[in-house]
Amino acid sequence: MILAELSERFFADSAVILPSGGPLYLQLKRWIEDAIHSGQINPGDALPSERDLALKVDVSRVTVRKAVLQLVKDGVLVQRHGSGTFVAPRTQRVEQSLSQLTSFTEDMARRGMEVRALWLDRGLYMPSPDEMLMLGLSSSGLVARIARLRLTGDTPLAIERASLSSEILPDPLAIRDSLYKHLDRSGNRPIRAIQRIRAANLGEEDARLLQVPEGSAGLNIERTSYLASGRIVEFTRSIYRGDTYDFVAELRLGDSSASGGIKP
Ligand code: 16G
């Protein structure tokens, strides 16, 4: 039996006892959320039409519309023009180790996941004061900026905005798929990095690119990576979707005499 039939059966068979309290549309919203969380309806399942749901639950169509719109806004349901409303697909969570200096392409390849990038920007620019400071550039030097939306299949996972000295990356247009592969060819692949991770709520533009509702949880990550000589290679600001990424760190019993400080 296909999932959509199961969901139709769920909506047809199950008694509708709306959770009590609050306006009707919120009760209906909670009922649908509970059905999803308990696995009675699944990602990709179709919802009955507004009319059928209103009849079944014995509420007005306006109430159904309000509940559904709210769930669409929350990213729980998706509306496809002309074909109806569906339970949003569950995105596969990705685990990334925090102790290995790997590239996005390598991380995904290890999981057998195919990656692609949509270029948002790449070129040589006059550096901002921040970039001059971070990358040790003089005011006459240029900065190479590359900004990419990183996807696996059709699912966007992260937005990455990297700045590098133009001496390290003289031609940003020459990068094919992987920045680190490109840097490796010129002997400039970083060997060490400091990463700072912060929680963030996604703003309108980033949420649109990552295809999640505005205000969704995200992770702001700044990576500063270094050559063996100590020279900074890249300063990258990334925004990862909070619902797709787990950063995992292995912890070992520490030497209590060590300072535990991070060398900048
Ligand atoms: C990772 C790095 C990013 C680096 C990129 C290179 C984080 C948070 N960021 O995504 O700093 O520029 O890999 O990936 O891990 P690429 O070689 O696939 O272009």
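The legends below describe close-up views of a predicted model.

Local features need pLDDT of at least 70, side-chain atom pairs count only at pLDDT 80 or more, and totals for chains, interfaces and linings use all residues. Residues are numbered from 1 along each chain as its sequence is written, and side-chain values use heavy atoms, with hydrogens and water left out.

**View A. The largest nonpolar core has 19 residues.** A nonpolar core is a set of buried Ala, Val, Leu, Ile, Met, Phe, Trp, Tyr and Cys residues joined through side-chain atoms within 4.5 Å; buried means under 20% relative accessible area, exposed over 50%, and partly exposed in between (1.4 Å probe, protein chains only). Leu28, Ile32, Val57, Val64 and Leu77 touch the most other members. At least two core residues come from each of helices H2 (24-37), H3 (50-57) and H4 (61-73), and H2 gives the largest share, 6 residues. Helices (H or I, at least four residues) and strands (E, at least two) are DSSP runs, numbered from the N terminus.

**View B. Surroundings of Leu77.** Neighbours within four places in sequence aside, Leu77 is in contact (heavy atoms within 4.5 Å) with Ile36, Leu47, Val68, Leu71, Val72, Thr85, Phe86, Val87 and Ala88.

**View C. A second, separate core has 12 residues.** Among them are Leu169, Tyr180, Leu183 and Val233.

**View D. Asp58 lies in the loop between H3 and H4.** Asp58 is not a glycine, yet its phi is positive, about 65°. Asp58 is exposed, at 68% relative accessible area.

**View E. Gln211 lies in the loop between helix H8 (204-210) and strand E8 (217-226).** Gln211, also not a glycine, has a positive phi of about 55°. Its relative accessibility of 57% makes Gln211 exposed.
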